[in-house]
Amino acid sequence: MDIKAEYNRWLENVEDNELLNELKSMDDSKIEDSFYRDLAFGTGGLRGTIGAGTNRMNIYVVAKASQGLSNYLLSKYDNPSVVIGYDSRIKSDVFARTAASVFAANGIKVNIWSELLPVSTVSYAVRKLKASAGVMITASHNPSKYNGYKVYGDDGCQITTEAAAEILSCINALDIFHDIKKSSFDDGIANGNIAYIDDSVLTSFIEEVKKQSVLFGDEIKTDVSIVYSPLNGTGLKPVTRVLSETGFNNVTVVEEQRNPDGNFPTCPYPNPEIKEAMALGIQYAKKHNADLLLATDPDCDRCGIAVKDSNGEHQLLSGNEVGLLLLDYICTQRTKHGKMPKTPVFVKTIVTMDLAEKIASHYGVSTVNVLTGFKFIGEVIGRLEAQGRVGDYICGFEESYGYLTGSYVRDKDGVNAAYLICEMFAYYKSRGISLFDKLNELYNAYGYCLNTLHSYEFDGSVGMAKMKAIMEKFHKGLSSIAGFKVVKTLDYSHGLDGLPASDVLKFILENGSVVIRPSGTEPKLKAYISVTAESKDEATAIEVSFFNDLNRTIKN
């Protein structure tokens, strides 16, 4: 791409005043970063910084992606239709209307949510309304400068690698200014080409979430004190509604994070994985002496928690720890009440704590390991459904705070997670057991395991090149990490164990493992460290030595 020529073409063709003013203010370095490539489209759709340029999220890039997706759908379906949802991010509603207008101009029926809602409701509505595809405008847990365009297939699952490649080919064949069909959103509403999704569909979604209970008649006290934060995102309405309808009425919402706000003023990095994002919620939990803190990210597909320790202090639990607790709770309840399928299946990602596999095995549950990304868990559910075995799926989770216990959607669901966590918490509290007690019980039974995640950010074209060079260094192999021998290396770059090709490396050591991969949605390199040891102190010391060694390799 001739960067300067494309920049000048944008200056000549852009009609949006905000984008035009940004273009005119760019210096050479900003021009290069904004135009050195087209924003990458893959199985996760698009995700990038909001602004002007081919490497940015804006109405022109969204329209081009929508036209490409339209051409793809029209080649595959006789009368295609789409579902569109959006979150609280800056311009999410604008991008949703832009996409809807392009689809309608192509004669594709559009079903759009009338208000911002979690990403899981798009997956659900695609299946409920028998749509050909779904689009969610979101950048999940990224900082406020990001937005994205997430695409779902007719199965409610994120698109496959093959579908993404076909859609990308359709997108690349288009001129961003001259090949896009356009129509008016308001005209589309008036003539019926664009329709708001009926509230009954949301009610149906809520009912499916409530069906995920595994109490099976067991009694619990639902008056536990809960603090909840939607982190200025989409979770407020569905999460509080599910909790209220299941008896959890002692819920205090973090006021500063209650209402949708794409600037995320009190949590610049609105990810419940991050301690800083949970800080205000913990203050509320202390103030209200709450038993449990819940927080969901802006598109409400992740859920983080904090609970009181033995000293009465609120401590955060990791995604792995919550996943282990939920898996054991579900297995215990299903076994106790005779509700376990004959051939039960649990699904996790390869970077998720291996201890989960031991717990599943104890209950006679088979574990399926998949690549990082919940779409791969969704694909397993789809395969089970095709085999007439969808009832065998009991749950799936990933270390990054994503959980799903039912097959009603094909993506992680923070609404489902919030409800099941509250039920599990209340179940144990009603019996005088804390989640920390239960977690220690699991460690005593299966061995202590420590998992950590370390991220390295590489912005812009220079950062991308550096990240690629670092991965090439790791692909040459490691004989040891911090003096511990690497006993096996799993390279997924050409596909492995039936999984598709992905730039992921897993180094297995006698006392743990290390996974290295570039993020698929952010300009980051991620290192996942897993350590098994006799005690927490020993595991922590080994993890630090692993991290220091990796740090030297990455930064040198």
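**Briefing**

Lys-130 is exposed, as its relative accessible area is 71%, where buried means under 20%, exposed over 50% and partly exposed in between, with a 1.4 Å probe and protein chains only. This is a predicted model, in which local features need pLDDT of at least 70 and side-chain atom pairs count only at pLDDT 80 or more, while totals for chains, interfaces and linings use all residues. Residues are numbered from 1 along each chain as its sequence is written, and side-chain values use heavy atoms, with hydrogens and water left out.

**Backbone with positive phi**

- Lys-130 sits in the loop between helix H6 (119-128) and strand E4 (133-137), where helices (H or I, at least four residues) and strands (E, at least two) are DSSP runs numbered from the N terminus.
- Although Lys-130 is not a glycine, its phi is positive, at about 55°.
- Most residues other than glycine have a negative phi.
- Ala-482, also not a glycine, has a positive phi of about 55°, and this residue belongs to the loop between E17 and strand E18 (484-491).
- Ala-482 is partly exposed, with a relative accessible area of 28%.

**Strand E14 and its partners**

- All six residues of strand E14 (residues 393-398) are buried, so this strand is largely enclosed by the rest of the structure.
- Strand E12 (residues 345-349) runs parallel to E14 and is joined to it by four bridges, strands being paired if DSSP finds at least two bridges between them.
- Val-347 stands opposite Gly-396 in E14.
- On E14 there is also an antiparallel pairing, with three bridges to strand E15 (residues 402-404), in which Glu-398 has Gly-402 as its bridge partner.
- The hairpin of E14 and E15 has three residues between the strands, and Tyr-401 there takes a positive phi near 70°.

**Salt bridges**

- The structure holds 31 salt bridges, each being a side-chain nitrogen of Lys or Arg within 4 Å of a carboxyl oxygen of Asp or Glu.
- One of them joins Lys-210 to Glu-245, with the closest N and O atoms 2.9 Å apart.
- Because Lys-210 lies in helix H9 (residues 199-210) and Glu-245 in helix H10 (residues 236-245), this pair ties together parts that are 35 residues apart in sequence.
- Lys-336 and Asp-218 meet in another salt bridge, at 2.8 Å from N to O, and this pair links distant parts of the chain, 118 residues apart.
- Lys-336 is partly exposed at 46% relative accessible area, whereas Asp-218 is buried at 18%.
- A network of salt bridges links Lys-150, Asp-301, Glu-398, Asp-411 and Lys-412.
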